[in-house]
Amino acid sequence: MKELNGSQMISEALKEEGVKVVFGYPGGAALNIFDETYKQKYFTHILTRHEQAAVHAADGYARASGEVGVAFVTSGPGFTNAVTGLATAYSDSIPLVLISGQVATSLIGTDAFQEIDAVGISRSCVKHNYLVKDIDELPRILKEAFYIARTGRPGPVHIDIPKDITAKTAKFEYPKEINMPTYKPTYKGNAKQIKKATETINACSRPLLYIGGGAIASGASEILRKFAKKTKIPAISTLMGLGVLSKDDELNLGMAGMHGSYAANMAISEADLIIALGARFDDRITGKLDEFARSAKIIHVDIDPSSISKIVNAHFPIVGDLKGVLEEMCERIEIKGDKFAPWREVLNRYNDLYPLKFQDSDQILKPQWVVQKTAQIAGDEAIISTDVGQHQMWVAQFYPFKNPRQLITSGGQGTMGYGLPAAIGAKWAMSDKPVINFTGDGSILMNIQELIVSAIGKKPVVNIILNNNFLGMVRQWQTFFYEERYSQTDLSFQPDFVKLAESLGGIGFRVKTKDEFENALKQALKSEKPSLIDVVVDRFENVLPMVPAGAAIYNMILDDKGQR
């Protein structure tokens, strides 16, 4: 066994775990870690310009690649800046390992410089966390952290390491296996429950596949497509599940929920069986709970038992890995004829009645047109990240996602400032694919400094700002529900985004017409520099349909006058 110090143990562990890229920001308590990072040759470290961005970049890397993302930060404010990134990853079940420096063990509890109870702070927004007090425990803790992050329902794991532990030496032997008696994810679904579920599907007449982000996390997209094709059951998706079924799949009704399609929301409301696959029935999908899917029985498949019947009671709960469960269900199920054709016809009529649409214009750019045109120019392989707000929902509605892991967005937390650093992480993971970040004029300013990271790393990402001089989604709520009192949402005073892009090592464009946008996007996609395309769009364009907060999922606002 080798004799290593704590910092060397971290590098060796990352080598064993196959980590190629780490994002981070140094500081006093983490100096030993970063000194070893300088010496080692196992992974590339990307210096972000903010700790929040470091974790978002690791998150984007994980979502695009399916691997565990890794970030390093220091103690105190270095760690507290990273908490938003942890919470974002935790809400969306993204596998991360965050390693933070901490003051020396002798100083813990003394209010030392940059001391903070990092473990206490992170407890509510990580899957698990550790404070390392003994150098001999560090190899096991590192192994456990990666194991916990990637197994079961994935999630972020935090390791807080005091500075003296990173300098102490001990014998290093990295564990080959992990045995945690208190952590045993269930992968194989209960055979009796699977049998009951398939029998129920055979007996129903209006079934609906409800696809969540767990389908992507489990690698179940291919078998889910096979299951849908075999059964011919129509499907809806959460924001996190977009791309599992191709946008052009005839069974795909699109995203459901607050800004879901009319057909998708009506399908929920009229189904007699909902087959929830790696989804958690969050409030953005359910709307008013006692009005949600009143006629439907629920089959709920999830690897996390705490998610089942947490919000909506499951008549047929199946705990297990979604990919394995679907493989068993696909083998068992036999649908006679095309028995669900009448049900699909009903849903197709709903789609014909109120399709996702917008009123195009040659006088002012419509954001939906920008999203659609981007897809035409960028091609099917482009990876799309978003910030949060109206632009996020327009992307969800109008971008034709064809593959899983193609959309990288903050779902559960709705984190502004996420898109650009996440796009950088995705570009490091998938450097051969174009990476485009849709953002708003509010969101982009929260982490715009990270454009310089993209420039220095020569991993260009394209940022499309749908600029309406508003905090658009909040403004929309103020229009519909607050009598047009636009309190603190007017962003009319703005920086020159073209000059700002250039000052950060990128290129900038400001466009007002369709031709200008097409030319700018084509130039940006060819450039070796990161770019900002400042797109002037209709200020008062709304995201429709819209389910008001607390309303039933079928009670949608369908036009700009608030008609339902």
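Ser-93 touches Arg-153, Pro-154 and Gly-155, leaving aside residues up to four places away in sequence; contact here means heavy atoms within 4.5 Å. This is a predicted model, where local features need pLDDT of at least 70, side-chain atom pairs count only at pLDDT 80 or more, and totals for chains, interfaces and linings use all residues. Residues are numbered from 1 along each chain as its sequence is written, and side-chain values use heavy atoms, with hydrogens and water left out.

**Two loop residues**

- Ser-93 sits in the loop between helix H4 (77-91) and strand E5 (96-102). Helices (H or I, at least four residues) and strands (E, at least two) are DSSP runs, numbered from the N terminus.
- Ser-93 counts as buried because its relative accessibility is 14%. Buried means under 20% relative accessible area, exposed over 50%, and partly exposed in between (1.4 Å probe, protein chains only).
- Lys-41 lies in the loop between helix H2 (31-39) and strand E3 (44-47). Lys-41 is exposed, at a relative accessible area of 79%.

**Cavities**

- There are two cavities of 30 Å³ or more. On a 1 Å grid over the protein atoms alone, a cavity is a set of points where a 1.4 Å probe fits but cannot get out; a pocket is an open set with protein on both sides within 12 Å along at least five of seven lines; lining residues have an atom within 4 Å of a point.
- The largest cavity has a volume of about 140 Å³. Among its 19 lining residues, Leu-242, Lys-247, Asn-252, Gly-254 and Met-255 are the closest to its centre.
- Strand E11 gives the largest share of that lining, three residues.

**Second largest pocket**

- The second largest pocket holds about 420 Å³ of space. Of its 22 lining residues, Lys-357, Phe-358, Leu-544, Leu-558 and Asp-559 are the closest to its centre.
- Helix H16 (residues 390-398) supplies the largest share of this lining, three residues.

**Annotated domains**

- UniProt (unreviewed entry) places "domain: Thiamine pyrophosphate enzyme central" at residues 194-328. Residues 194-328 are 33% helix and 20% strand.
- Residues 387-535 are 38% helix and 16% strand.

How values were computed: Grid points are joined across faces, edges and corners, and a volume is the space filled by probe spheres set on the points. UniProt positions are given in the numbering used here, feature names are shortened, and annotations may be inferred rather than shown by experiment.
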